[in-house]
Number of protein chains: 2
Amino acid sequence: MVRACAEVRGRARAQPPGMGWLTASYIVDCAARDIEQRAAQIASEQSVECPLEAIVDERILDEIVARVVGIERSGKGRYRVDVEIATQTIGTNPAQFVNMVFGNASLWDDVMFAGLDVPESILAMFPGPRHGSDGIRKLLRVPSRPLTNAAMKPQGLHVPELAALCRTFALAGVDIIKDDHGIDDQLYSPFHERVRACQAAIAEAHRASGKTALYAPNLIGPPKVLHERARIAREEGVRAVLVAPMLVGLPAFFELVEAFPDFVYLAHPSFGGARSIAPEFLFGRLLRLFGSDAIIFVNVGGRFGYTRDTCAALAANARAPWGELKPALPVPAGGMKMDRIEELLDFYGADTMLLIGGNLLVDRERVLERTREFVERVMAWSPAR
Amino acid sequence: MVRACAEVRGRARAQPPGMGWLTASYIVDCAARDIEQRAAQIASEQSVECPLEAIVDERILDEIVARVVGIERSGKGRYRVDVEIATQTIGTNPAQFVNMVFGNASLWDDVMFAGLDVPESILAMFPGPRHGSDGIRKLLRVPSRPLTNAAMKPQGLHVPELAALCRTFALAGVDIIKDDHGIDDQLYSPFHERVRACQAAIAEAHRASGKTALYAPNLIGPPKVLHERARIAREEGVRAVLVAPMLVGLPAFFELVEAFPDFVYLAHPSFGGARSIAPEFLFGRLLRLFGSDAIIFVNVGGRFGYTRDTCAALAANARAPWGELKPALPVPAGGMKMDRIEELLDFYGADTMLLIGGNLLVDRERVLERTREFVERVMAWSPAR
């Protein structure tokens, strides 16, 4: 794969008219002798995710396979790698954009996503901030000085207390007054009642002082809840909202902004560091809790770095009794090869689904035979062998 | 804050009937002398997120403030910290659940979210896998042996080629045949056409071999797109789908499963390591690209660990010219105090919104005066002073 990716690197670029490449940059912690290989692995992972020998089509090699266009030392044992990714692979889907620029590569501990250079065709997909700094200043009628923001805390306060705090902040002249990011729709401060009371509080302060303030309620929930609350907020005259994009999901955030472009969106960083979740817990427990029936994870000894213990714990978590929750099926993957079938089954046991990806395809003339062998060996395996 | 949190730890628990606590566990890399303080900081961050002296209400101290219930050494310089979080703060909102168990704490490099012990009231909010291992086995009519899974690769193949590969895998006896996670709705393999062709391919293979296989198309997109494609897939007779929950967002995934409970959900790990995004790039660029007008980030010298350079680069990214995208307003936050107002403005300049949270509230009798001072000092600041 690596060798072949390096070959591709030298090929003439042959994107058809109207199609192009974006450049994604990664910071890679790695020894000098390994950086070319790591860079090629990133290019493969962020495009075709399979051995290049499994690709017989020239068009795919020319137009679809991502390619390394720059490797630059940026510190001791640290490199900046620039990879060109075909915009064809993204189309016009903002979720697929995230997938192609940093989907699988996010699973490597030594790779950090650090930059983007996108052509017009991709940028056109993103209207970006609908108001931006200037729009916020216009709403607040503050052309140039720094702005002020205060948060209503702590959660647990009842609505009259929150509204009183909101009024106090507005009277003091704060520009934007936001819910604390932990304030949702709890019994102690229901959303609609709170929004109405806080919006009334800033209106009252405005009558007293003549100074404009914006109240930004926190919108949090699955997409439908976000949209319902946005409608309520709009009806109550709200002009700014607080949302944690990484928590609700970037694509869900994108769609919310699209549906309610009149709001000023204040982005909260909550869950913005979500990689610090133990993999055995994220994949084994959380994804099951949220409704996954089968969970694909990157297995030890493949293209990623999870340990044997992590993988065993992950599978155990997916299956363990947990209230009324059904067990989920562990699916070890991420560079599994035919020669490991029995070893993997011995390790994970029968309540497992084996996923072999590119390795079934390395000989395009013998995919049926190779896959048959995969299936037969799985069927022939028994725990007692 | 820390001292007070330790005090709270000893208080009698006074949750009203029907309310309870969940226990979240974190792995913290930290020196022995600091672990109590770090644990207390996590408890504060995951509940009230403000100095305890700003809380005058006994009910909030008793019922809302999270508390450290266990600290255990789990390795050299590494501890497991158990924190009880009030279920009242979550209600029945799965997005708020993520927020309260690992929202802000995700932004600390030395803290990893590692476990959960949830009471019935919270578990009842999550139906979890609708099929689970047993349901998958039932659909496939495979009661006990390990299952097999293959992926159609590489992306870039046209629909007839993908369908042929699907048929080959099905004829070889593979149980679940999934799209590669990079396959979306690209011009070279449109979703509807692909799903119809691959579904026909497994039906054809079934007639030839008598063996049941499931085809799992990849659903990727903002929530509306996910739901549209799910409807198409259901109409075409699809029984299993591939989704990357961390990429579409856990709450969006939750809602999709709720809306289409008949599908078997195969969870893909893509974007499951999304913390490895340089903060200046994630907050300064990506969140702006997705539509944030103002971006709250954890500032240097507050409760989190971003450096001065990171913060400067983040603010520069939010404002820099970028195609037609409007600049977004940087909002440094995360433990900012009154004594830093001028320093922060000197550093960030006028095109900034300052967010002071709990520090405005430390003297509950003087919130108006303190906030007025905040506002006046911001107004009085000038770059030329």
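Helices here are DSSP runs of H or I with at least four residues, strands are runs of E with at least two, and both are numbered from the N terminus. On that basis, Arg141(B) falls in the loop between α6 (132-140) and β5 of chain B. The model is predicted.

## Chain A overall

Chain A has 15 helices and twelve strands. Along the principal axes, its C-alpha atoms fill a box of roughly 80 × 55 × 40 Å. Of the 385 residues in chain A, 66% are buried. Take the contacts between residues at least 6 apart in sequence: 72% of these join residues at least 24 apart.

The surface of chain A comes next. The chain carries 44 positive and 47 negative side chains. The centres of these two sets lie 4 Å apart.

## Helix α15 of chain B

Helix α15(B) spans residues 367-380, which makes 14 residues. From first C-alpha to last it reaches 20 Å, close to the 20 Å expected at 1.5 Å a residue. Its buried residues are Val367(B), Arg370(B), Thr371(B), Phe374(B), Val375(B), Arg377(B) and Val378(B). These cover an arc of only 165° around the axis, so they sit on the same side of α15(B). An α-helix has 3.6 residues a turn, so residues three or four places apart point the same way.

What do the buried residues of α15(B) pack against? Elements of both chains take part. Chain A supplies β5 (147-152) and α7 (159-172). Chain B supplies α14 (341-348) and β12 (353-356). The face turned away from the buried side carries the exposed residues Glu376(B) and Ala380(B).

## His227 in helix α9 of chain B

His227(B) belongs to helix α9 of chain B, residues 223-235. Is His227(B) buried or exposed? Its relative accessibility is 13%, so His227(B) counts as buried; the cut-off for buried is under 20%.

## Backbone exceptions

Most residues other than glycine have a negative phi, and most peptide bonds are trans. Several sites in this model depart from that pattern. In chain A, the peptide bond from Lys153(A) to Pro154(A) is cis, with omega near -15°. Pro154(A) sits in the loop between β5 and α7 of chain A. In chain B, the bond from Lys153(B) to Pro154(B) is cis, again with omega near -15°. Pro154(B) lies in the loop between β5 (147-152) and α7 (159-171) of chain B.

Two residues of chain B have positive phi without being glycine. For Glu49(B), phi is near 50°. Glu49(B) occupies the loop between α2 (35-45) and α3 (58-63). Its relative accessible area is 9%, so Glu49(B) is buried. For Arg141(B), phi is about 60°. Where is Arg141(B) found? It is in the loop between α6 (132-140) and β5 of chain B. The relative accessibility of Arg141(B) is 64%, so this residue counts as exposed; the cut-off for exposed is over 50%.

Notes
Residues numbered from 1 in each chain as written. Chains lettered and ligands numbered in written order. Predicted model: local features only at pLDDT ≥ 70, side-chain atom pairs only at ≥ 80, totals over all residues. Heavy atoms only, no water. Expected span 1.5 Å × (residues − 1). Buried < 20%, exposed > 50% of the residue type's maximum accessible area, 1.4 Å probe, protein only. Arc of directions from axis to C-beta. Contact = heavy atoms within 4.5 Å. Lys, Arg positive; Asp, Glu negative; His and termini not counted. Charge placed at Lys NZ, Arg CZ, Asp CG, Glu CD.
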